[in-house]
Amino acid sequence: MMQTNENAIEHIPVTEPERQYYFIEKCKDYVRKISEELRRPLTAAVITFGCQMNARDSEKLTGILEKIGYTMIDQEEKADFVIYNTCTVRENANQRVYGRLGQLNRVKRKNPHMLIGLCGCMMQEPHVVEKLKKSYRFVDLIFGTHNIYKFAEVLATRFESERMVIDIWKDTDRIVEDLPSDRKYSFKSGVNIMFGCNNFCSYCIVPYVRGRERSRNPRDIIREIENLAADGVKEVMLLGQNVNSYGKTLEEPMTFAELLREVEKIDGLERIRFMTSHPKDLSDELIEVMRTSKKICHHLHLPVQSGSTEILKKMNRRYTKEQYLELVHKIREAVPDISLTTDIIVGFPQETEEDFEETLDVVRKVRYDSAFTFIYSKRTGTPAAVMEGQVPEDVVKDRFDRLLKEVQTIASEECAKHEGTIQTALVEQVNEHDPSLVTGRLGNNLLVHFPGTKEQIGKLIDVKLLECKGFYYIGEAVEK
């Protein structure tokens, strides 16, 4: 009988996801050995910065870590393996990560077996990686947004080499399905339908760090949501940098509206949300699907960014103020009770007082239920960062305060319109400040707090909205 040679060449799968499951098993062996040496389980913490796309990526990282044998904890200073899933939309986000790394370095000196990993959008910037290589040599793994599915393979390389491992791809068209994932909530889940962005808004770094648009195969999306619904998920959030352009890269093109019709058919699924929607790509077909759907929540996040057509042109948004308002009119005609939210940037280069007044005019005409308001900050690597006419800080601050006051006043008035009505809430948690209450999310995305118990978490409950508190409600459950 032939004896096996331990040094024989290993047969590593070349296809995905089989290749990653092979490396998960390899990492599992390393983790088990270290755990035996330390005589305790190994722990890991994934710290997420940024958007819901990052949050979804972190669920995938967590799922892989659990398969490998790590016990997940929240405290990064107590973990054997810390991963920062980074955001780079704003310059100060990078500084926060560097500050946290400095603190972790002190912890790692006392725990030499500790691993530190960095991934996400910040890692796609070459100057960041150079800085890490030079000044943060204690970091163990660095990988980007395009190859997050290779996490187990990168980790296995680190275990074998015991040196800093850097694996950054400039771009990719790859989408790998069927890898482990650990959902934060049992009753709702984000689902990526596409990756990357082709819009190149002049203030935004996302296309440079997330790459070009690529859509997932609709069959894979439907299968994932069917499995989620079978596992008790009531609500999905379809995610993409611009969901309205879904399907353009598929061999057999499919519109976002057509995808929504297919998702609607899934048994057990009760709520559908999606974000983000670029106004230039929101079609009449999508509005019609929202009008007729029984499952799509009547909430739409529709970033305007500015009310000035001149500034919108400089932002490369590719719509005018008038086109945006006409779109809002069509949406409200079709779905009268729609809740609209938005993003607004104040102080974009060359913004005049007249431009700002145009933004206030849009806010007053649309009457958003809420708005994310941002002071423009230079983002190195974007066209806007080198534009002339940067607005003085004191002027920007004054405009920002005026905008915030207007947004909050209108949002409070819109919220109050629903007082006394009965709405359906998906209970998400026991209230953080009063354990006799539970917190639920309404179809319009606002929160309601009402008397309840933890047994109601994950259930859809009819609630009477007794009192509006500006951005949330106090209510009471209604017996059917």
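Okay, let's start at C119, which is found in strand β4, residues 115–120. Strands here are DSSP E runs of at least two residues, helices are H or I runs of at least four, and both are numbered from the N terminus. Before I go on, the ground rules: this is a predicted model, where local features need pLDDT of at least 70, side-chain atom pairs count only at pLDDT 80 or more, and totals for chains, interfaces and linings use all residues. Residues are numbered from 1 along each chain as its sequence is written, and side-chain values use heavy atoms, with hydrogens and water left out.

So, is C119 buried or exposed? At 0% relative accessibility, C119 counts as buried; the cut-offs are under 20% relative accessible area for buried, over 50% for exposed, and partly exposed in between, with a 1.4 Å probe and protein chains only. Leaving aside neighbours within four places in sequence, C119 is in contact with L61, I83, Y84, N85, T86, F143 and I148, contact meaning heavy atoms within 4.5 Å. The C-alpha atoms of C119 and I168 are separated by 9.2 Å, and those two are 49 residues apart along the chain.

How many aromatic pairs does the structure hold? There are 15, counting rings of Phe, Tyr and Trp (its six-membered ring) whose centres lie within 6.5 Å, with planes under 30 degrees apart called stacked, over 60 edge-to-face and the rest tilted. One of them is F49 with Y84, edge-to-face, at 5.8 Å centre to centre and 80° between the planes. F49 sits in the loop between β1 (43–48) and α2 (52–68), and Y84 in strand β3 (residues 81–86), so this pair ties together parts that are 35 residues apart in sequence. Both F49 and Y84 are buried.

Another edge-to-face pair is F348 with Y376, at 5.4 Å centre to centre and 70° between the planes. Here F348 is in the loop between β13 (339–346) and α12, while Y376 is in the loop between β14 (370–375) and α13 (393–416), so the pair ties together parts 28 residues apart in sequence. F348 and Y376 are both buried. And F143, from the C119 contact list, turns up again in a cluster: ring pairs link Y70, F81, F143 and F151.

Now charges over rings. The criterion is NZ of Lys or CZ of Arg within 6 Å of the ring centre and within 35 degrees of the ring normal. K188 lies over the face of Y185, at 4.8 Å from the ring centre, and the charged end of K33 sits over the ring of Y30, 6.0 Å from its centre.

Next, helix packing. Helix α11 (residues 321–334) and helix α12 (residues 353–366) pack at an angle of about 10°, with their axes 11 Å apart. The axes are lines fitted to C-alpha atoms, for helices over the stretch in contact, and angles run from 0 to 180 degrees between N-to-C directions. Which residues make the contact? From α11 it's K321, Y324, L325, V328 and R332, and from α12 it's E358, D361, V362, K365 and V366. Those residues divide into five nonpolar, no polar and five charged.

Most residues other than glycine have a negative phi, and most peptide bonds are trans. The bond from E16 to P17 is cis, with omega near 5°, and P17 lies in the segment before α1 (18–38). The bond from M275 to T276 is also cis, with omega near 10°, and T276 lies in the loop between β11 (271–275) and α9 (284–292).

For positive phi, R39 comes in at about 60° although it is not a glycine. R39 is in the loop between α1 and β1 and is exposed at 78% relative accessibility. E162 has a phi of about 55° and is not a glycine either; E162 is in the loop between α5 (151–161) and β6 (165–167), exposed at 65%.

Last stop, K150, in the loop between β5 (141–143) and α5. Buried or exposed? K150 is buried, with a relative accessible area of 13%.

Conventions:
Nonpolar A, V, L, I, M, F, W, Y, C, P; charged D, E, K, R; others polar.
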